Amino acid sequence: MADTGTAALLATWEAGLAEAPAGRALLLHGTARPDLDTTALPAVPLGEREGDLLALRRALFGERMQVRLDCHACGADMEFELDAGDFTRSLDRPARQVVRLTEDGWDITFRLPAAADLTAVARATDPRTALLGRCLVSAVHDGAPRTADSLPPPVQRRIAEAVEAADPGADITLNVGCPECGTTTRAELDIASYLWTELDAWARDTLLDVHLLATAYGWSEPEILALSPLRRRYYLELCADV
């Protein structure tokens, strides 16, 4: 785990303000995995990245996750709580980064998609086909090499199933029953977006604390951030009592 001290986290938040969601996810992943070079982060399989981000989220904000969704059927506002530990097993790092499929005369090698792949195909007319072409290492049918666009739909489905089995954490889906109408709503859990929202709220609260304490005591930002959260809160309570 990276340096998750207050000053370091504020620096990550400040850098992310000017970034799109993909850039923010990369910054958060860099915080979670200081052992990796920044050029290597975009190539980490999606499930591994999600596991890294969840570990960072648990270290910063604990196990409980508050989630809100709108029912797809009746539009009711659904608010519920998740336990981050429930996703630990599904977000384990994949045992391998390349999947091989041998079936009905086909011999296919396919690498697990990473964040860089999603970014590269985001604006493609058909992102799924573009992702298939980008991550296909080789495809041979009855001894003859084949290209990604020549793969029949059943083979494409088998590749998708094999990739999902190898990297289940790449796509975490929630199935939530609506208390109003009983309909089940499916929604993807975007850990990077969720964590950024929490970090943004925390950073703004922290800077407000700095402002209040600097105004009251004349301390500098580094001096205030060096205080433990408990001591900082105590000084804020003293300010309120004056």
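The model is predicted: local features need pLDDT of at least 70, side-chain atom pairs count only at pLDDT 80 or more, and totals for chains, interfaces and linings use all residues. Residues are numbered from 1 along each chain as its sequence is written, and side-chain values use heavy atoms, with hydrogens and water left out.

**Stop 1: the largest pocket**

Select Leu46, Pro113, Leu118, Leu131 and Ala170. Of the 43 residues that line the largest pocket, these lie nearest its centre. A pocket here is an open set of points on a 1 Å grid over the protein atoms alone, where a 1.4 Å probe fits, with protein on both sides within 12 Å along at least five of seven lines; lining residues have an atom within 4 Å of a point. The space in the largest pocket is about 1,300 Å³, a volume filled by probe spheres set on the points, which are joined across faces, edges and corners.

Now show helix 6 (153-166). Helix 6 gives the most to the lining of the largest pocket, 8 residues. Helices (H or I, at least four residues) and strands (E, at least two) are DSSP runs, numbered from the N terminus.

**Stop 2: salt bridges**

Stay on helix 6 and pick Arg158. Arg158 forms a salt bridge with Glu103, with the closest N and O atoms 3.0 Å apart. Glu103 sits in strand 3 (residues 98-103), 55 residues from Arg158, so the pair links distant parts of the chain. The cut-off is a Lys or Arg side-chain nitrogen within 4 Å of an Asp or Glu carboxyl oxygen. The structure holds 16 such bridges.

Next, select Arg100 and Asp107. Their closest N and O atoms are 2.5 Å apart. Arg100 is exposed at 58% relative accessible area; Asp107 is partly exposed at 24%. Buried means under 20%, exposed over 50%, partly exposed in between (1.4 Å probe, protein chains only).

Then select Arg33, Asp35, Glu48 and Asp52. A network of salt bridges links them.

**Stop 3: a surface patch**

Select Tyr217, Tyr234 and Leu238. Together they form a nonpolar surface patch with about 290 Å² of accessible area. Patch residues have over 30% relative accessible area and no salt bridge; nonpolar side chains are joined within 5 Å, like charges within 9 Å. Areas come from the Shrake-Rupley method with a 1.4 Å probe. Leu238 lies in helix 9 (residues 229-241) and is partly exposed at 33%.

**Stop 4: cysteines**

Select Cys135: buried, at 0% relative accessibility. Cys239 is partly exposed, at 24%. How many disulfides does a search of the whole structure find? It finds 0, with two cysteine sulfur atoms within 2.5 Å as the criterion.
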